[in-house]
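I opened my notebook to look up a few salt bridges and a helix packing. My entries follow the order in which I looked.

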Amino acid sequence: DKETQKITGVWSRLKKDKQKSAVGVWMRIAGERLTAMGHWVKRVAEKFCTPEQLADIPLTKGGDLSINDEVIEILAGGVDDHDNLHEKTPIQMLWYYTYWFRKHQNLLDKFISSFAAYEGADGRIHSSFSLHRTVTGRTASSPNVQNLKKDKAVRACFVARPGWVFCELDYDRMEPTVLAVVSNAKFWKEAIRNDWDLYCLTAMQVYESELLEAQMMPDLSLSVEEVKQQLDAIKKNKETKPFRESAKTNTLATVYGEHPKTLAARSGKPVEQVEAFAKKFWKTNSEITTFVKQMHAILDRGDYVKTSFGRKRWFPKARGKERSRLKNQIVNTGIQADGNDIALWQTFRVLKWIDESHLHHKIAVVNFVHDALYFEVREDCVEVLMPCVKKIMEDISSLPFDFDVPVRTSYKTGKSLADMLDS
């Protein structure tokens, strides 16, 4: 048809350029015309896809295919099996290359090329941070060094200066810890004080019968250390580990109000299982249930949410779909904002320590990501300085409000940000 002729014409013209491979030509076509090709792609899809596959492909309001990565993955017949490309048809190969081109083009545009404008005279990227640019209360940065994709190719571009290494110091389970304090969840607070695994404890509450059947139910009447060992056994045991993983995936998603169908799709679990988890979680965690209901009640009257640090965010009176949308935001605003601000408060204390100790030639703060702090440290000073930083970050006695559970941190090092992905 005419659309096919247009594409063939562009292909023929570009193919004359010897520097352009056939794949490169398709890349340009895909980049320039992908959205407009929706109705053309639909006909291709109908020819090459099974009815079951077509049922999974979303359509636009006009009835054409909605061109996104999921659609292209279906048209390509899968995009992760790189060893059997010879089994694909030519049209599947075109969509396969289109998928990976879009992925890498996005990485290049979003995380590499856009950073070039922020290069300083020293050849390094210098980002600006804002305390009030997000409605959630979290910090924002420009360029966005706080949201680097967890991709080794991207993160390998960020390298410490010669003789130095990066150190990432991260708060452990910050959001559940903040939730325990703001909701006054006594069981959770006791667990945090004892350094017990919260997700194993949640699995103990929700999957009680399964753990009893596996003879792995913890005995909370034992000593703190003995209970900790029993909880660690749940995490390591092949039969019970999935229950702990389920609790880790579902707990905050349930508290924040993620829809069961969305959570089921994300976790790969049946909707009925997700709904059963939520029902048991609310029943066994009454303080958290009360806290969430209090937050949701704000949407019935329209009011401010005020964080422990005094940040305020207005939420309007809402009903129906708008209320459902805001339920997630109103709960996580206070939790995420407090977690961010605690880390930020402690960061100022670290910066003061660096100044007063005249350590600028040995350690520097280079990035701040919500509840994690990134340093650049001289290699020969890591073992001396990072334990000092860890101690400062965990000492929350100076917070301007009562935070009655301890916080814990851990850190890892690497010559580049990519080195810390698997460490």
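I started with aspartate 380, which forms a salt bridge with arginine 378; their closest N and O atoms are 3.1 Å apart. I noted that the model is a predicted one. Aspartate 380 is exposed, at 56% relative accessible area. Arginine 378 counts as partly exposed, at 25%.

Next I checked the total. The count comes to 20 salt bridges.

I then looked up arginine 138. Its salt-bridge partner is glutamate 175, with the closest N and O atoms 3.3 Å apart. Arginine 138 sits in the loop between strands S1 and S2 and glutamate 175 in helix H8, so the pair ties together parts 37 residues apart in sequence. Is arginine 138 buried or exposed? Its relative accessible area is 19%, so I put it down as buried, because the cut-off is under 20%. Glutamate 175 is buried too, at 17%.

Glu175, Pro176 and Leu179 of H8 touch Leu252, Val255 and Tyr256 of H13. By class, I recorded 5 nonpolar, no polar and 1 charged residues in this contact. The helices pack at about 50°, with axes 11 Å apart. H8 and H13 are therefore oblique to each other. The crossing is left-handed.

My last entry is on aspartate 195. It forms a salt bridge with lysine 228, the closest N and O atoms being 3.1 Å apart. Aspartate 195 lies in the loop between H9 and H10, and lysine 228 in H12. I also found a network of salt bridges linking Arg173, Asp195, Lys228 and Arg408.

Notes
Residues are numbered from 1 along each chain as its sequence is written. This is a predicted model: local features need pLDDT of at least 70, side-chain atom pairs count only at pLDDT 80 or more; totals for chains, interfaces and linings use all residues. Side-chain values use heavy atoms; hydrogens and water are left out. Axes are lines fitted to C-alpha atoms, for helices over the stretch in contact, and angles run from 0 to 180 degrees between N-to-C directions. Helices (H or I, at least four residues) and strands (E, at least two) are DSSP runs, numbered from the N terminus. Angles under 35 degrees count as roughly parallel, over 145 as roughly antiparallel, 65 to 115 as roughly perpendicular and the rest as oblique. A crossing is left-handed if the near helix is turned anticlockwise from the far one by less than a right angle, and right-handed if clockwise. Contact means heavy atoms within 4.5 Å. Ala, Val, Leu, Ile, Met, Phe, Trp, Tyr, Cys and Pro count as nonpolar, Asp, Glu, Lys and Arg as charged, and the others, Gly among them, as polar. A salt bridge is a side-chain nitrogen of Lys or Arg within 4 Å of a carboxyl oxygen of Asp or Glu. Buried means under 20% relative accessible area, exposed over 50%, partly exposed in between (1.4 Å probe, protein chains only).
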